Amino acid sequence: MPNTNIIQAQNFSTFMLAGNAVFTVTNATTGNHFTFKVKRGYADRNPTWYVKVKSKSPKWVHLGTISGFKFRPNEIMKEKRNIEVTAFAWLFKQRRQLARFPTVKIYHEGGCARCGRTLTLPESIECGFGKTCAKLLDVEYGGPLYASAQ
Ligand SMILES: [Zn+2]
């Protein structure tokens, strides 16, 4: 049985930018793992996403923003040549083609990627979205979801 908390590579872009995505990335090649939170701001036009990370510290640390579909790391983190900045920049760049990197796995943390509510139904846990949100984002609900092109 597949691990149901793993986000399918082809759906990652939709998942990541859905509004309230919290996910852990593991890379079997490097042994690294990071937990990111990508939260969308309220503006409908020119939206901004706020990126936070949790890795060595148990607290969320602000990592940067995404606007105009570009990731802009927070200056302090950038100056430190922070590994989390490098990891997130890579992930954002590769978000539509993660299938090319089979050692990279994305696990959701039990909340709907769009609204952030706790997922309780097996179908929701399997796809990483609640039923209503899956419909709104035009992704297949239950089982591996096949998102519309983002
Ligand atoms: Zn939802």
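Me: Which residue takes a positive phi in the hairpin of strand 1 and strand 2?

Reply: That's Gly31, with a phi near 80°. The hairpin has four residues between its strands. Keep in mind that this is a predicted model.

Me: How many bridges join strand 1 to strand 2, and do they run parallel or antiparallel?

Reply: They run antiparallel, with eight bridges joining them.

Me: Where is Asn46 found?

Reply: In the loop between strand 2 and strand 3. Asn46 has a positive phi of about 50°, though it is not a glycine.

Me: Is Asn46 buried or exposed?

Reply: Exposed, because it has 8 C-beta neighbours inside 10 Å.

Me: What about Asp138, what's its phi?

Reply: Positive, about 60°, and again this is not a glycine. Asp138 sits in the segment after helix 5. It counts as partly exposed because there are 13 C-beta neighbours inside 10 Å.

Me: Switching to the inside: how many residues are in the largest nonpolar core?

Reply: It has 35 residues, and Ala21, Phe88 and Phe129 have the most contacts inside it. Among the elements that give two or more residues are helix 1, strand 1, strand 2 and helix 5. The largest share comes from helix 3, with five residues. As a general point, nonpolar side chains in soluble globular proteins tend to be buried together.

Me: Which residues is Phe129 in contact with, leaving aside neighbours within four places in sequence?

Reply: Cys112, Ala113, Arg114, Ser124, Ala134, Leu137 and Val139.

Me: OK, confidence. What's the mean pLDDT of the protein?

Reply: It's 87, with 92% of residues at 70 or more. Strand 1 has the highest confidence, at a mean of 96, while helix 2 (residues 75-79) is lowest, at 78.

Me: Where does pLDDT stay under 50?

Reply: Over residues 144-150. The model has 17 contacts beyond four places in sequence for that stretch.

How values were computed
Residues are numbered from 1 along each chain as its sequence is written. pLDDT is the predictor's confidence in each residue, from 0 to 100. Two residues are in contact if their C-beta atoms, placed from the backbone, lie within 7 Å. A nonpolar core is a set of buried Ala, Val, Leu, Ile, Met, Phe, Trp, Tyr and Cys residues joined through C-beta atoms within 7 Å. A residue is buried if 20 or more other C-beta atoms lie within 10 Å of its own, exposed if 12 or fewer, and partly exposed in between; C-beta atoms are placed from the backbone. Two strands pair if DSSP finds at least two bridges between them.
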